[in-house]
Each structure stands twice: as C-alpha cells, then as structure tokens.
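Thanks for making the time, everyone.

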Amino acid sequence: MKPPWAATPKSPQHIAIGWGGSSAPVVFLDQIQPVFFAAVTPELLMPLFWLVVVLLALTALGFWFGRRRALASAQGNPRHLHSLPVYYGANVAMSIAIPALLTLMVWLLAQPLLIENRVSGLIPQELIPESTSVGLVMSDVRRLAEGLDEAVLQNVMTQQEARSLDASTSDVRALLGSVGVALGSEVRPEVLEAAQQYRQLSRTGGNAMTLVCLLLAVVGFGLSIRRTHKDFRARNVVERGVLALLILAASLAILTTIGIVLSMLFETVNFFGLHAWTDFFFGSTWAPNFRGDSELSILPLLWGTLYISAIALLVAVPVGLFAAIYLSEYASPAVRSFAKPLLEILAGIPTIVYGLFALLTVGPLLLKLFGQGDNGILGLSWMTGATSVLTAGVVMGIMLIPFVSSLSDDIINAVPQSLRDGSLGLGATPSETIRQVVLPAALPGIVGAILLAASRAIGETMIVVMGAGAIAKFSANPFESMTTITTRVVSQLTGDTDFASPETLVAFALGLSLFVLTLGLNVLALYIVRKYREQYD
Amino acid sequence: MNTMNMLDKNLDTKTTKIAARDVNVYYGDSHAIKDVNVEIDANTVTAFIGPSGCGKSTFLRCINRMNDTIDVCRVTGDILLDGEDIYDKRVDPVQLRARVGMVFQKPNPFPKSIYDNVAYGPRIHGLSRNKAELDEIVEKSLRRAAIWEEVKDRLHAPGTGLSGGQQQRLCIARAIATEPEVLLMDEPCSALDPIATAQVEELIDELRANYSVVIVTHSMQQAARVSQKTAFFHLGNLVEFGPTGQIFTNPDDPRTESYITGRIG
C-alpha cells in the first residue's frame, strides 16, 4: 500500500488540524462520541506526521520566544538573568513538547486496545466459527476498515458512501478488490457494521487526540511563557527535566527485563499446567512428539549445554588469557595497536559464520583425524559424523577468545604499575612479576571475564545448530552429536506448531531455565569482581 | 708513599659503594640528567634534594636500572657498583635489583598476606632452604622495619589492610628481606603522616649500619635529620654534593643556598 500522504496532496495547515481524508470542516464537535478512543489506521499516519511536525514547530517557536522574553525582562542584559538565556528557551520548549508528546505516545498505545474492546462487543457469538477466537474475526474487521479507508483515498467512494455502505445491497468484496484490498471471504453485515464502527471510532479518537495534544502544547506554551522572568530559575528546572529523562531511560531498560521475564514466566506456568514438572526437571529423556506422550526433560539438554560450554571454555580461556598477557605485558605499543583490533575483529563475526566454519571446516577436519575408514588418518574410528560436541565446542571456543582476551587485557592493564615496579624492584623477572603479582591481583576480574564468557557460551545457538547436531542424550563421548537448550527452543517454536501444546510451551520453560542459569552466572561474576576488587585500590 | 697509603686506608673506612661517571639520561628528546658525577659511600645515608622535576628520582632509578622498564628512556655514562659497571651487557638487571633494593613513594604492598609480601623476595631468589628459615627471615625483616610488634599476630592478613605508615614499613621490610647491599628510597614518607614519618626516619638511621641508603626527599628537614651526605639537583644537573652539615649551613653554590632558604624550587 502506498503511503496515504502520497495519494492526496493537501496544504499542511489543513491537514495539520484536520483528520483523515475528510473534505468537511475539521473537528465536528458533534461527532465526538462519548467514547472518543479509536484505533490507529494507516489513514491516521498522515495527520500523525503533521501533528508531530506542528508540535515540533511550536516547540522551536517556544524556544525562540522564551529566550527573547527572558532577555527582554532583563532589559537585554544577560547578566541580570538567573540562568543563561538558552535555559529559558529550553524551559518553554520542554513545557510545550513533553506533555503533548507523552500524551500522544500513551494515546497511540491505548487507543487500539480500547477500540478493539468496544468493537468486538458488536460481533455476535454465533459469528465466531468453531475453534477460532474473536481475534480472528477482529482481524477481518480491521482489514475491512483499512479497505474502506483505501477506497475513500482512491476516490472510489466518498466518505459518506463508506459510512452508509450496506453489505446486503452491494458487493463489498468486489469493490474493495478493485482498490487492491483482497478479502478472504464474503463480507457479512455484522462485520461490515463493526468495521464502519471501527472507522468511526478511529476517526473521532484521532480528532480528539489531535485536539488534546495541541491544547496541551498551547497551554504549556502559555504557562511557561508567563513564568519566564529574569528571576525564574530556568536552569534548575531544565536540569530537573533532563534528570527525569535519564531516569526514564534507566527504568525503561529495567522494565523491559522485567517484562521479558514475566512473559516467559506466564507461559512457563501454562506449560507446567499441561506437563508434569517432575518430568521436566528430573526426567531423563527429551523426546517431543505430537501424539501427546512427549517426554520433555531439560536434563539431557542441560548436559549438552554444559558439556559444549565446558569444551568452549577449555579452548577460550587459555588462549584468550595468554593472548591478553602477551598483549598487555610484553607486546610493544606498535604490535599491540595492531594485534588488539585484529583480535577484536573475531568478536565482530556473526555466529552464523562461525557455524559455517564448524560445519564446513572444523567438523570435516576432526572427522579426518578421529573418524573411521578412509577418513581416519589416525585410524581411531572414534567419530562417525562431522557434527559433534567437540566440533561445536572448539568453534565456540574460538568465538569466545576475543571476549576473554579483551576483557582480561583491560583488567590486567588496570593493575597499578606500582605493583609491577615493586616486584621488579625486588629483583623479580617480568615473568615472575606477572605470575605472582599481576595475575593474582587481576584474578577476580579475570574470573569475572570467564564467567561472562561462560554465560555467552551457554546462550549460543547457531554454532550448536550447525556444529553439534540435534540429538539429545547423556553421553561423555565428545565425538558424539548432542544438542543444547537454545537449539531446542528454536526447534520447538519454529514450524507449524500449535501454540497451546506442551511441546511448544516447553520452549518458554527452557528459555526461563536458561535465563536463570545465565543470570546466576552473571550475578556470581559480579559478586566475585566486587568482592575482590578493592584489594589493590 | 706512606702518607698516600694512610690516605687510602682512611678512605677505605668509607668505601665508595656506588660511583656515577658522566651519567646522562634522556626521555625521548628531553634531557633529564646532565653529566652527573657522584660517589655514594657504603654505610651512609645519602639524600637527594631538589625541586620537582629536577631529575633526582630519575637518577635514583638509574642505580637499579628501573628505568629499563620505560621504553623511551636512554642512559649513557657509567654507574659502578663496587667497581662494576651495572650497565655492562653481562649484568642481569634482575640480579642487580636483588642487590639494590627499592622503596617507592607510594606504599605498594602486593595483594597478598603480610607474610607473603615479605617472603616474596626470598622465595624468588631462593634465600631459604625450608619454612623455618623463611619464617626467620620474615620475622627478622619485619623486626628491622619496626613493624613486627604490630603485625606478628596477623601475619596472614592481607598487607593492603594495614594503615599507610604500616604499609610503607611493610614495603621496607619486603625490600630488606632480600638482603640488598643498597637501599634506594624514592620519597618514602611523602604519603605518610608525621608519626609514621618519624618511625620510618628512625628506621632509615638504623638501616645505615648494614646498607648504603639513598633517599630522595622533598623535605629539607628530613634530609638534614637522616642523611650524612646530601646531593642537590637542579634542572637535571648535580649542583652540589657534600656532607649534609656543610650543604645546609655553608653551601658553595648560590643555587643551593637559594633552594635551601626557599627562594627557588
């Protein structure tokens, strides 16, 4: 669908205050219904765009005006002002923009929910087919409403016709088909009526939103301009505003985390309602099927996850740590300045590329070394396929090297030079100094780095999918295929699945377990780093 | 001839421990030390005084080749320790530093226990054959650093948990545990309060019996209190070197007099 504003060029002033493609005068107060919340339709985008533009223009104007008024109150001498002139401008701009934009945001989020609630009441129960929900019918309603908007935009019918359209007298489906909106089935009168109601509510809601936002902006403008005087403490007010912004940003991050956890928690509770928790935590088999007798135990997956992560750490920790020691203690500045970025390039490679590397290079190479028959150079025949715990572990270890080395390098560099001097001054060699003074001092930080690397290894998906296979089992043999929690989450949620079955919902339980696991590791890492950090400060 | 011998003998009682000949130090392009010649006697406390940036610490760090750890630093000239050139290619700077210990401006105990801090040097140099001997070295060093009584009951507590003055005495104990011949001290009291300073000064005076001590200080009173010989550095030059009493009461050079009386610096 092409953007609505491309279809109907209009003068900005008109659209700024008007709503939708209406040719009638802008705000019909009599049209504002008792409930003036409405859904956001594509038609709404144009005025929304212009509303924001007008608000921003008002803000800019307010800034200029506030600054001027403050200077005028001080007879043009900035020295007589409490704050710098820009603060007065910023204060007015803030008073205009913040309440209006906040209202706009909340309105846009709340309107669709409220309108949905209201319109879905219009749909009779018998219209909802067996085994579907009201949500499906509502999506028909929304689609129909969009189609009507589109038809009006393309001048196939007038606003009035769209409002009075009757499903029994005209072929709505064919009509909308002619403007490029395909409907799945014939339009029933109730659905058409709901769609018309939907449009009506959206329009009035949109009008009300414009009105309220502009009103708030104008009131903010007026109040803040009235307060602008040379003794007004504009700087303090603006700084409080900035503080509020910072707090908002911090709480958004925290709230998102809480939201993620809660969403997983609810689905997990659903899962445990359908499946025995004892099987999930204490069972021994992972065998999902859709016949209803799945065995869904986390333990084989957890074993695979921990096994692969352990191998990855066995690769990453020594290599990363030694690289960090070389780079921070021995390398000349020239080598360091070029080797460190090179190492960090490894960290920028997408994990899917590592997965390819595992699948195409490392797997076949290991097979050649440890495989059987013609493949096995060593004649060991330990390995039967290229996908194995070892393949995934080694490649994941390579992925973690820059992670360990970069963090450890920073931590080793943070050890005060005075400790090194003290040790060297006692006649220790650089190597003794590193082993006995620098590393012990940096150890808490290094342990923290390793734990962070471990939580990345546990959460890694792509490399495991491509390198380790998909068989869930308990085995200590690193040459066998295994699988991890993350890859099972992917496989349970992708494809044609029924969202209410335990086989699908188990993904959330797995995800939550994974979250708890990595959270625990991160907390442990933080605890260790904090506990021992003061030792050399 | 006899008189000459007598003179030599007389000098022998004050053996020259360290002799510097035409020492120049460059940090990259800047010339930090200019043609310094100095002879430091055994069993003497020698103080280096001078305004900030005059090169006294740089010169001190040349004596145990700590400047080797700075990439851009270049040293020319000879420094002789017991007549051997310490900048000779055959000399291992690591062994040299075991003979010439150093105490730094800021107390820098390792993040280890008090015991392990002191035992660090003896362990890496293999100075003890068994635990009992090591215990003895640790106790002796802590006693000589006048901190034994304060820490004897918590030898396995972390050294970083001590107060600033205790930490600095711990660092001195750590330095003397390796039994160096010369002890270099770079403003050892600058981070200490007057009481701790007094303790450290007393300690320095006692250490003179076994070691040559070279101390860099910004406090002229301290130089006067603890040293027998004083060298005054200014802008990278060694302006004057002589017995402490003479430097402070009757300096030859007008610059020394100006510094001591507080007119430059």
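Let me begin just after H15(A), where Gly427(A) takes a positive phi of about 90°; helices here are DSSP runs of H or I with at least four residues, strands are runs of E with at least two, and both are numbered from the N terminus.

Before going further, a word on conventions: this is a predicted model, in which local features need pLDDT of at least 70 and side-chain atom pairs count only at pLDDT 80 or more, while totals for chains, interfaces and linings use all residues. Residues are numbered from 1 along each chain as its sequence is written, and chains are lettered from A and ligands numbered from 1 in the order in which they are written.

Within H15(A), Arg420(A), Gly422(A), Ser423(A), Leu424(A) and Gly425(A) are buried, a residue being buried if 20 or more other C-beta atoms lie within 10 Å of its own, exposed if 12 or fewer, and partly exposed in between, with C-beta atoms placed from the backbone. What covers them? The cover includes H16 of chain A, together with helix H3 (93-99), strand E6 (100-103) and helix H7 (164-177) of chain B.

That brings us to the interface, where 16 residues of chain A are in contact with 25 residues of chain B, contact meaning that the C-beta atoms, placed from the backbone, lie within 7 Å. On the chain A side, helix H15 (417-425) and helix H16 (430-459) are the elements giving two or more residues, and H15(A) supplies the largest share, six residues.

Leaving aside residues up to four places away in sequence, Ala453(A) touches Leu313(A), Ala316(A), Leu400(A), Phe403(A) and Val404(A).

Finally, confidence: chain A averages a pLDDT of 82, and 87% of the residues score at least 70, where pLDDT is the predictor's confidence in each residue, from 0 to 100. Helix H11 (residues 299-330) has the highest mean in chain A, at 93, whereas helix H2 (residues 12-17) has the lowest, at 37. Over residues 1-42 of chain A, pLDDT stays under 50, although the model has 80 contacts beyond four places in sequence for that stretch.

Conventions. Two residues are in contact if their C-beta atoms, placed from the backbone, lie within 7 Å.
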